[in-house]
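Visitor: I have the model open and would like to go through it piece by piece. Can we start with the sheet?
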2 protein chains.
Amino acid sequence: MNTIDLLLQHRSIRKYKAQSIEKEKLNRILEAGVRGSNTGNMQIYSIVVTQDAERKKELAKHHFGQKMVVDAGAVVTVCVDINRYHKWCMLRNAGTAYDNFLWFATGVVDATIVTQNICVAAEAEGLGFCYLGTVLYNAPEIANFLELPKGVVPVTTITVGYPDEMPELTERLPLEGVVHYERYNDYSDSDINRIFEEKENLPFSKEMVKVNNTENLAQIFTQIRYKKADNVMMSKKLLNFLHESCFMNND
Amino acid sequence: MNTIDLLLQHRSIRKYKAQSIEKEKLNRILEAGVRGSNTGNMQIYSIVVTQDAERKKELAKHHFGQKMVVDAGAVVTVCVDINRYHKWCMLRNAGTAYDNFLWFATGVVDATIVTQNICVAAEAEGLGFCYLGTVLYNAPEIANFLELPKGVVPVTTITVGYPDEMPELTERLPLEGVVHYERYNDYSDSDINRIFEEKENLPFSKEMVKVNNTENLAQIFTQIRYKKADNVMMSKKLLNFLHESCFMNND
């Protein structure tokens, strides 16, 4: 399959065969990962691979017990990492400059570029993957479990393995709903209604509204899936962890 | 070229031919972008494309005047965007829940996945690209220029166009220097010396040290390229902008 079709045909895979990933194949997709662009070629990230069966079970607890964490051939956690660079700078009498918020933000971008390259490479090799947003909810617990030192914060986690399902493509908003030319054209009410119409009218969306007993699809997100109180609590937790991890020395 | 080789052969392109990108081709790479994974399929991002010659000149000023911004066929700025989702939720009487730090961090990951998919697709279509880290330094000015409303923060910018150069592959640290299995193995001094040895001994690195009149390569980064005082100033600026943009309502 050519690369464009590969990207257009992406589905997240949550069910995996009990088949381990060949060491060579894993190395190849990790190599493809680190070939991604990164700021100043400083490589301020680290990749932690979990494959041990018992360790996957423990790690799954920090990802809301999602079964795919246990079943996947590998769980890959990509971290912003200024620890390695800091150690190099200190050894070279260069001081340090990266324990602040700018470099956390920069690092999240760089770590995600690595992760997405790994994902694209994995699919090219016949593997499937799924991102786990839970890594940002439980960053301190996951950092503790992976024995991350200060200066290292986990920001993406993917499960990777041989697919045991072939789900339908999920919908997307129409391209014109997310792309702007020259200037951001802010959305009128009728724009919003038009952009979200197809999504709201999908049989799956209607079924979800029925099952969850809400008035509409939007309420499933704000009232059930990603609630304000949870989001506020997890925002505080994440910011506290950035302080502890030395990414908030902004004075 | 197969996808793995495409990823392994990536070079950032900073010189572009004076050849515009066909509308169909641009649409195809943007479509490949939005097919990327995203949290809850909420698509909390927007893509702003700058192609107008005068606008590119103005935008370049916010990217330290880098010429590639003017010369590229398109400058693509990808933003975390809770504005569109918020408007949908309000129209549906669902309240809102995403004006906090967790969703900024989540959004940076999602926006970067889109961006990197666009990058991979661009290369597959014979185009080249380069990431501009300056977007995080001057996010408020760029937001103002692109007329972004509250709830929309630019986090990645890439220049895209037909390559007019074929630079050498840049080096990377050895894979074992950035990958950990099961647990993070913190680096001893000798680990650091070993991991950075090849990079430090490149002719290009040695030339840079000579030209910049520093003791070593690390000092070029901390004393010239990315200095602490600049980083601290830009950290404050970025955090202030997150407050203004309604991503810091964490109570």
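Guide: This is a predicted model. Five strands make an open sheet with mixed pairing, in the order β5(A)-β1(B)-β2(B)-β4(B)-β3(B).

Visitor: Which strands stand at the edges?
Guide: The edges are β5 (179–181) of chain A and β3 (128–131) of chain B. Each has a single partner strand, so one side of each has no neighbour in the sheet.

Visitor: And what does the twist average from one strand to the next?
Guide: The average is 25 degrees.

Visitor: How do β1 and β2 of chain B pair, and over how many bridges?
Guide: Strand β1 (residues 45–50) and strand β2 (residues 74–81) of chain B are paired in the antiparallel sense, over six bridges.

Visitor: Moving to helices. At what angle do the axes of α6 of chain A and α12 of chain B cross?
Guide: Roughly 75 degrees, with the axes of α6 (residues 101–124) of chain A and α12 (residues 228–244) of chain B coming within 7 Å. Angles of 65 to 115 degrees count as roughly perpendicular, and α6(A) and α12(B) are therefore roughly perpendicular to each other.

Visitor: Which residues make that contact?
Guide: From α6(A), they are Phe101(A), Leu102(A), Trp103(A) and Ala105(A). From α12(B), they are Asn231(B), Met234(B), Ser235(B), Leu238(B), Leu239(B) and Leu242(B).

Visitor: What about the classes, nonpolar, polar or charged?
Guide: The contact of α6(A) with α12(B) has eight nonpolar and two polar residues, and no charged ones.

Visitor: What does Phe104(A) touch?
Guide: Leaving out residues up to four places away in sequence, Phe104(A) touches Val80(A), Val153(A), Val155(A), Leu242(A) and Phe247(A), and also Phe101(B) from chain B.

Visitor: Now His10 of chain A. Where is it?
Guide: His10(A) is in the loop between α1 (3–8) and α2 (23–34) of chain A. With 7% relative accessibility, His10(A) is counted as buried.

Visitor: Which side chain does it make a polar contact with?
Guide: That of Glu123(A), side chain to side chain, at 2.7 Å.

Visitor: What else does His10(A) touch?
Guide: Apart from Glu123(A), and not counting residues up to four places away in sequence, His10(A) touches Phe129(A), Leu169(A), Arg35(B), Gly36(B) and Ser37(B).

Visitor: Over to α5 of chain B. Which of its residues are buried?
Guide: In α5 (residues 83–91) of chain B, the buried residues are Asn83(B), Arg84(B), Tyr85(B), Trp88(B) and Cys89(B).

Visitor: What covers them?
Guide: The cover includes α9 (189–201) and α11 (217–225) of chain A, along with β1, β2 and β4 (152–161) of chain B. After α5(B) comes Asn93(B), with a positive phi near 55 degrees.

Visitor: Last, some totals for chain A. How many helices and strands?
Guide: Chain A has 12 helices and five strands. Its C-alpha atoms fill a box of roughly 60 × 45 × 35 Å along the principal axes. Of its 251 residues, 62% count as buried.

Methods: Residues numbered from 1 in each chain as written. Chains lettered and ligands numbered in written order. Predicted model: local features only at pLDDT ≥ 70, side-chain atom pairs only at ≥ 80, totals over all residues. Heavy atoms only, no water. Axes fitted to C-alpha atoms, helices over the stretch in contact; angles between N-to-C directions. Helix = DSSP H or I, 4+ residues; strand = E, 2+ residues; numbered from the N terminus. Parallel < 35°, antiparallel > 145°, perpendicular 65-115°, else oblique. Contact = heavy atoms within 4.5 Å. Nonpolar A, V, L, I, M, F, W, Y, C, P; charged D, E, K, R; others polar. Pairing = 2+ DSSP bridges. Buried < 20%, exposed > 50% of the residue type's maximum accessible area, 1.4 Å probe, protein only. Polar contact = N/O pair within 3.5 Å; in protein donor to acceptor, adjacent residues only side chain to side chain.
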